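Student: Hi! Could we go through the ring contacts and the surface of this one together?
Tutor: Happy to, let's have a look.

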Amino acid sequence: MEKLFKHSKIKSLGLALVVIGIPIGMYLNYFTGITYWSNIIMLFTIILLFYKERFTLKIGTGFRFLLFYQLYMMVYCIMSSDFQAIYLFYHLYILALIVALSIQKDRLFVFDSLRWIFYLSIPLTLLGLFLTLNGLVVGDLAWQLRHENEDYALEPFNVGIAALNSFFAGLCLTNKRRKEKVIFIIMTVLNIYLIYLCGKRTPMVILIIGLLYYIYLNFKVKRGEIIALVIVVVIIMFVLGIYANLTEIENYYDNIVNGIKNIMGDTSVSDRTGSAIIRYQTRLQAYEYIEKNFYFHNYLFGAGYMTLGRQFDNPVLQAYLDMGIFGILGYVYLVVIFPIVAMLKKHNNATVFFILLSLYNVFSCFSSAYPYFWSKYTPICLLIFSLPIMFKYGKK
């Protein structure tokens, strides 16, 4: 029994690192000066998930389409005239994760992974607050350091996403003891404040959407706790308004609205950094490329891996530009439609957590990153892995 308990803890730690490996790697990169910690952690998660597990592979229906889509992208990657090994590594990691999850005989360790994520996120949030308040993540000093060193590790996006995932993990943690409830309330205050400090629009919007979704699922069951949580969030927003003054809060709101307008094509206004306008302009470049260079076969199969030579923060459009109709259909189904369909069903809290992790990719499918990055698919892997638990064990 003791060996099984140890075995389960190791697996749950591996699953937790799949979720929080990026921010851990970012902070290790910053403090050690070594730039490949995230890759090391990615390999470590696979080792932990394979730990003392018999290799009897049976890939379920849920994983098959994801596996074929990764292989499809790998072919494009290998055939690229500007082949870069790091992109191939991302696809291989997702394939390894699919295999590692598929060979698991017992899936119940997924519930322990929530507790790992909850507690390991505490130092990440505290560290993020310390570095952000000292101007090392956002602000003039961070801008200068980032331009002096192209490998500068601290990114406001990753700091904000770590805080967002910390909030979701605490929200979905089942059977919280009294001490954990107090910690969760404190961390909720700190995480929302950290997301606000980072100045990133999407994490704050996703936090609100995720909270509303959780309330929708649990209001009848845990009315008192949900009402208390909403009151806490409202108080936080009020305190932020006093601390930062109403003008700053209004500017933050305007930054969100203007960014959405820019992405939709309205260039009469601008967000704080101008990044949304750049996304709109790059989108026009993609349209122009399609109009001038696409032949019949390109509409089916695209123009090739990283056609424009870079990501342009519109993964849906890039999937079509690079991989054609098959590329865009695969991406939209896996990253957007699949989590939305899962949201419409009742689930245990572990599955709800992985749905919440997927929300960022759902709502940023036209505005963030590119279709090959591994973090687009890890929440889908974990969601597919957790779905059978509901049917076998019910809600937990």
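Student: Are Tyr 87 and Tyr 90 buried or exposed?
Tutor: Both Tyr 87 and Tyr 90 are buried. Keep in mind that this is a predicted model.

Student: Where do Tyr 87 and Tyr 90 lie?
Tutor: They share helix H4, which covers residues 85-102. Tyr 87 and Tyr 90 are three residues apart there, about one turn of the helix.

Student: How many aromatic pairs does a search of the whole structure find?
Tutor: The search finds 27 aromatic pairs. One of them joins Tyr 87 and Tyr 90: the geometry is edge-to-face, with 6.3 Å centre to centre and 70° between the planes.

Student: Nice. Switching topic: what lies over the face of Phe 184?
Tutor: That's Lys 176, at 5.1 Å from the ring centre of Phe 184.

Student: Now the surface. Which residues make the nonpolar patch?
Tutor: Phe 65, Tyr 333, Ile 337 and Val 341 make it, and the patch has about 340 Å². Helix H13, residues 315-343, gives the largest share, with three residues.

Student: Where does Tyr 333 lie, then?
Tutor: Tyr 333 is in helix H13.

Definitions and conventions. Residues are numbered from 1 along each chain as its sequence is written. This is a predicted model: local features need pLDDT of at least 70, side-chain atom pairs count only at pLDDT 80 or more; totals for chains, interfaces and linings use all residues. Side-chain values use heavy atoms; hydrogens and water are left out. Rings of Phe, Tyr and Trp (its six-membered ring) pair if their centres lie within 6.5 Å; planes under 30 degrees apart count as stacked, over 60 as edge-to-face and the rest as tilted. Helices (H or I, at least four residues) and strands (E, at least two) are DSSP runs, numbered from the N terminus. Buried means under 20% relative accessible area, exposed over 50%, partly exposed in between (1.4 Å probe, protein chains only). A charge sits over a ring if NZ of Lys or CZ of Arg is within 6 Å of the ring centre and within 35 degrees of the ring normal. Patches are made of residues with over 30% relative accessible area and no salt bridge: like charges are joined within 9 Å, nonpolar side chains (Val, Leu, Ile, Met, Phe, Trp, Tyr) within 5 Å. Accessible areas come from the Shrake-Rupley method with a 1.4 Å probe; for residues, only the protein chains shown count as cover. A salt bridge is a side-chain nitrogen of Lys or Arg within 4 Å of a carboxyl oxygen of Asp or Glu.
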